[in-house]
Amino acid sequence: MSDDPEPSPAPALEWRGAFTNDELNALHAEGFGHRLLHDDWLAQVQRHSLGWVCVRQSGQLAGFVNVAWDGGVHAFVLDTVVAEPLRRQGIARAMVAEAVRQAKAQGCEWLHVDFDPHLRDFYFDACGFRPTDAGVIQLRG
């Protein structure tokens, strides 16, 4: 008999997986370093998203990526986040790969992403996005 704790089960990835607003707000605050908000994520994804990917480990929401879309051929990766203890294990890459697969299966022709500069290698090298010209206007400061 060993005194070692049982290993945690592998994280489970699910397209359009179930989540609560409370658990996604908590994961988002941890991952993006802001105060805990009370956003209605369920209403947002139901209204604006092609789908989303949830990752659970031991029943807890541990990863999330949203795939918003224009209702046509363009989809957009947003809010890629993984809980701190599970980072750097390929989970974010697996979530984005599932987002790519699902967007393609739904007939999208383009999958867009924007990101902070420190994530360039992740999105370009690990996930296969390529650089493109784009523009943005900041509407609120």
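This note goes through the fold, the surface and the aromatic contacts of a predicted model.

1. The secondary structure of the protein consists of four helices and five strands, which follow one another from the N terminus in the order β-α-α-β-β-β-α-β-α. The radius of gyration is 16 Å, close to the 14 Å given by the globule rule for 141 residues, so the protein is as compact as a globular protein of that length. Along the principal axes, the C-alpha atoms fill a box of roughly 60 × 35 × 30 Å.

2. Of the 141 residues, 35% count as buried, and among contacts between residues at least 6 apart in sequence, 54% join residues at least 24 apart. The protein exposes about 9,500 Å², of which carbon and sulfur atoms supply 50%. There are 12 positive and 19 negative side chains, and the centres of these two sets lie 6 Å apart.

3. The structure holds seven aromatic pairs. One of them is formed by Phe 19 and Phe 64, an edge-to-face pair with 5.6 Å centre to centre and 75° between the planes. This pair links distant parts of the chain, since Phe 19 sits in the loop between strand S1 (12-15) and helix H1 (21-32), whereas Phe 64 belongs to strand S3 (residues 60-69), 45 residues apart. Both Phe 19 and Phe 64 are buried.

4. Tyr 123 and Phe 129 form an edge-to-face pair, with 5.8 Å centre to centre and 80° between the planes. Tyr 123 counts as buried because its relative accessibility is 5%, and Phe 129 is buried with a relative accessible area of 13%. Ring pairs link Tyr 123 and Phe 129 with Phe 115, Phe 122 and Phe 124 into a cluster.

Conventions: Residues are numbered from 1 along each chain as its sequence is written. This is a predicted model: local features need pLDDT of at least 70, side-chain atom pairs count only at pLDDT 80 or more; totals for chains, interfaces and linings use all residues. Side-chain values use heavy atoms; hydrogens and water are left out. Helices (H or I, at least four residues) and strands (E, at least two) are DSSP runs, numbered from the N terminus. The radius of gyration is taken over C-alpha atoms; the globule rule is 2.2 Å times the number of residues to the power 0.38. Buried means under 20% relative accessible area, exposed over 50%, partly exposed in between (1.4 Å probe, protein chains only). Contact means heavy atoms within 4.5 Å. Accessible areas come from the Shrake-Rupley method with a 1.4 Å probe; for residues, only the protein chains shown count as cover. Lys and Arg count as positive and Asp and Glu as negative; His and the chain ends are not counted. The place of a charge is taken as NZ of Lys, CZ of Arg, CG of Asp or CD of Glu. Rings of Phe, Tyr and Trp (its six-membered ring) pair if their centres lie within 6.5 Å; planes under 30 degrees apart count as stacked, over 60 as edge-to-face and the rest as tilted.
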